[in-house]
Amino acid sequence: MNTTTWTVSPEPYDSPAAAELWRAYYTEMSDRWYLLHEGHATDPAELEREIAAESGSELTPPHGRLMLGRYAGEPAGTAGVRMVDAVTAELTRVYVREELRGTGGAALLVSAAEDAARALGATAVRLDTRGDLVEARALYARLGYVETAPHNADTYAEHWFRKPLTPRTPQAPPRPPRAAAPRRSRTSQC
């Protein structure tokens, strides 16, 4: 997994980069559903209505946060969290551009979103996803999310996951290397 060219940082939900990635995410998710269930891509007018209806304003502190990943400096993915109660955050908008999947960005984005949830006071993260998003379900399982009973009645939710957040322990500074003990030769008498 090559993660050396990924950077992840908080981003305003309404920045041009975040808006571009939201459009790409929503278009892909909607088209995948329509193609699977109705045999055609999303109607463009419906797509525009739905993108506009979900602004992402809940992804701002103190109730949420949007993380944006850049690959080689270019906007490439997102992950957001929003608080649903005092100790539970919901993971949302996890997306990596198709051509960059498999480069480690999704795991970095989810980890950054979990850190943002911790900073907002969350002790657990939950999410829902669709059955056809098998790659997303595999990612969440790999990252320690456990499938649970439904926690909402969302029309498109078919799988629900939860993960307890353990507090991050501060990284100890690296120890300076110890001076090597002088090697004794086999012929040494000392």
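The legends below describe close-up views of a predicted model. Residues are numbered from 1 along each chain as its sequence is written, and side-chain values use heavy atoms, with hydrogens and water left out. In this predicted model, local features need pLDDT of at least 70 and side-chain atom pairs count only at pLDDT 80 or more, while totals for chains, interfaces and linings use all residues.

**View 1. Overall fold of the protein chain.** The protein chain has four helices and seven strands, taken as DSSP runs (H or I of at least four residues for helices, E of at least two for strands) and numbered from the N terminus. Along the sequence the pattern is β-α-α-β-β-β-α-β-α-β-β. Of the 190 residues, 39% are buried, where buried means under 20% relative accessible area, exposed over 50%, and partly exposed in between (1.4 Å probe, protein chains only). Among contacts (heavy atoms within 4.5 Å) with a separation of 6 or more, 63% are between residues 24 or more positions apart.

**View 2. The largest nonpolar core.** A nonpolar core is a set of buried Ala, Val, Leu, Ile, Met, Phe, Trp, Tyr and Cys residues joined through side-chain atoms within 4.5 Å. The largest one has 41 residues, of which L91, Y140 and Y145 touch the most other members. Two or more residues each come from α1 (16–38), α2 (44–53), β2 (64–71), β3 (74–83), β4 (88–96), α3 (105–119), β5 (124–129) and α4 (134–142). The largest share, eight residues, is that of α1. Residues up to four places away in sequence aside, L91 touches A79, G80, V81, V110, A113, V125, R126, L127, Y140 and Y145.

**View 3. Helix α4 and its buried face.** A136, L139 and Y140 are the buried residues of α4. Seen down the helix axis, they fall within an arc of 95°, so they line one face of α4; the arc is that of the directions from the axis to the C-beta atoms. These buried residues pack against β4, α3, β5 and β7 (159–164). Exposed residues V134 and R142 are carried on the face turned away from the buried side. After α4 comes G144, with a positive phi near 95°.

**View 4. The largest pocket.** On a 1 Å grid over the protein atoms alone, a pocket is an open set of points with protein on both sides within 12 Å along at least five of seven lines, a cavity is a set where a 1.4 Å probe fits but cannot get out, and lining residues have an atom within 4 Å of a point. Grid points are joined across faces, edges and corners, and a volume is the space filled by probe spheres set on the points. The largest pocket holds about 1300 Å³. Of its 46 lining residues, Y25, M29, R93, T129 and L133 are the closest to the centre. The lining divides into 22 nonpolar, nine polar and 15 charged residues, with Ala, Val, Leu, Ile, Met, Phe, Trp, Tyr, Cys and Pro counted as nonpolar, Asp, Glu, Lys and Arg as charged, and the others, Gly among them, as polar. With nine residues, α1 gives the most to this lining.

**View 5. The largest cavity.** The count is one cavity of 30 Å³ or more. A18, W22, L66, T78 and R93 line the largest cavity, which holds about 30 Å³.

**View 6. R97 in its loop.** R97 lies in the loop between β4 and α3. This arginine counts as buried because its relative accessibility is 16%. Neighbours within four places in sequence aside, R97 is in contact with E20, L21, A24, P75 and A76.
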